[in-house]
Amino acid sequence: MRIGRYACLMTVLAGGVLSDGIHAAEPVCSMKTRSEAVVLMHCPIPLAENAWVEAAQRACGTQPNCNVWIWDDVARMPNEAPKTDADIARDQAAAASAVWVNESKTLMRLKKVR
């Protein structure tokens, strides 16, 4: 089966496994900082939602009370992870791309409001 260039590129960038079983590059998302319940993650390029989910699940591990905030611009992220989501500054929360809620296994994409 032939994979289009874009689909193949996204697989490599997401750190997935190519159709022939060859492991692709490491994931491009990285955890910046974390508290007991909040993880701040930077994913510098647009990824498929499943790549965000996989990276967030790895960051939370087995901890159910864990929310992962995802940004594509590290400059717009908080410097330190707060104790709770409510402690993230409004402008920083508004700049996030998505939030993974580990307890309910839900990814919420955040839409920019103008």
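The link of Cys29 and Cys43 is right-handed, with 115° about the S-S bond. Cys29 sits in the loop between helix H1 (5–13) and strand S1 (30–34), and Cys43 in the loop between S2 and helix H2 (49–60), so the pair ties together parts that are 14 residues apart in sequence. This is a predicted model: local features need pLDDT of at least 70, side-chain atom pairs count only at pLDDT 80 or more, and totals for chains, interfaces and linings use all residues. Residues are numbered from 1 along each chain as its sequence is written, and side-chain values use heavy atoms, with hydrogens and water left out.

**Disulfides**

- A disulfide is a pair of cysteine sulfur atoms within 2.5 Å. By this rule the count is two.
- Cys29 is joined to Cys43 with an S to S distance of 2.0 Å.
- Cys29 is buried, at a relative accessible area of 15%. Cys43 is buried too, at 2%. Buried means under 20% relative accessible area, exposed over 50%, and partly exposed in between (1.4 Å probe, protein chains only).
- Cys60 and Cys66 form a disulfide, with sulfur atoms 2.0 Å apart. The torsion about their S-S bond is about -80°, so this disulfide is left-handed. Both Cys60 and Cys66 are buried.
- With bonded cysteines counted along the chain, the disulfides of the protein chain follow the pattern 1-2, 3-4.

**Chain overview**

- The protein chain has three helices and five strands. Helices (H or I, at least four residues) and strands (E, at least two) are DSSP runs, numbered from the N terminus.
- From the N terminus on, the order of elements is α-β-β-α-β-α-β-β.
- Of the 114 residues of the protein chain, 36% count as buried.
- The protein chain exposes about 7,400 Å², and carbon and sulfur atoms supply 54% of this area. Accessible areas come from the Shrake-Rupley method with a 1.4 Å probe; for residues, only the protein chains shown count as cover.
- Among contacts between residues at least 6 apart in sequence, 56% join residues at least 24 apart. Contact means heavy atoms within 4.5 Å.

**Nonpolar cores**

- A nonpolar core is a set of buried Ala, Val, Leu, Ile, Met, Phe, Trp, Tyr and Cys residues joined through side-chain atoms within 4.5 Å.
- The largest nonpolar core has 18 residues, of which Met41, Trp52, Val68 and Ile70 touch the most other members.
- S2, H2, strand S3 (67–71) and strand S4 (98–101) each supply at least two residues of this core. Its largest share, seven residues, comes from H2.
- Apart from this core lies another, of twelve residues, among them Trp71, Ile88, Ala95 and Val99.
- Leaving aside neighbours within four places in sequence, Val68 is in contact with Val39, Met41, Ala56, Ala59, Cys60, Ala98, Val99 and Trp100.

**Aromatic pair**

- A search of the whole structure finds one aromatic pair. The rings of Trp69 and Trp71 have centres 6.0 Å apart and planes at 25°, so the pair is stacked.
- Rings of Phe, Tyr and Trp (its six-membered ring) pair if their centres lie within 6.5 Å; planes under 30 degrees apart count as stacked, over 60 as edge-to-face and the rest as tilted.
- Both Trp69 and Trp71 are buried.

**His42**

- His42 belongs to strand S2 (residues 38–42). His42 is buried, with a relative accessible area of 15%.
- Not counting residues up to four places away in sequence, His42 touches Val28, Cys29, Ser30, Trp71, Asp72, Asp73, Val74 and Met77.
- The C-alpha atoms of His42 and Asp72 are separated by 5.8 Å, although these residues are 30 residues apart along the chain.
- The side chain of His42 reaches the backbone oxygen of Asp72 at 3.4 Å.

Technical notes: A polar contact is a pair of N or O atoms within 3.5 Å; within protein, one must be able to donate a hydrogen and the other to accept it, and residues adjacent in sequence count only if both atoms are side-chain atoms.
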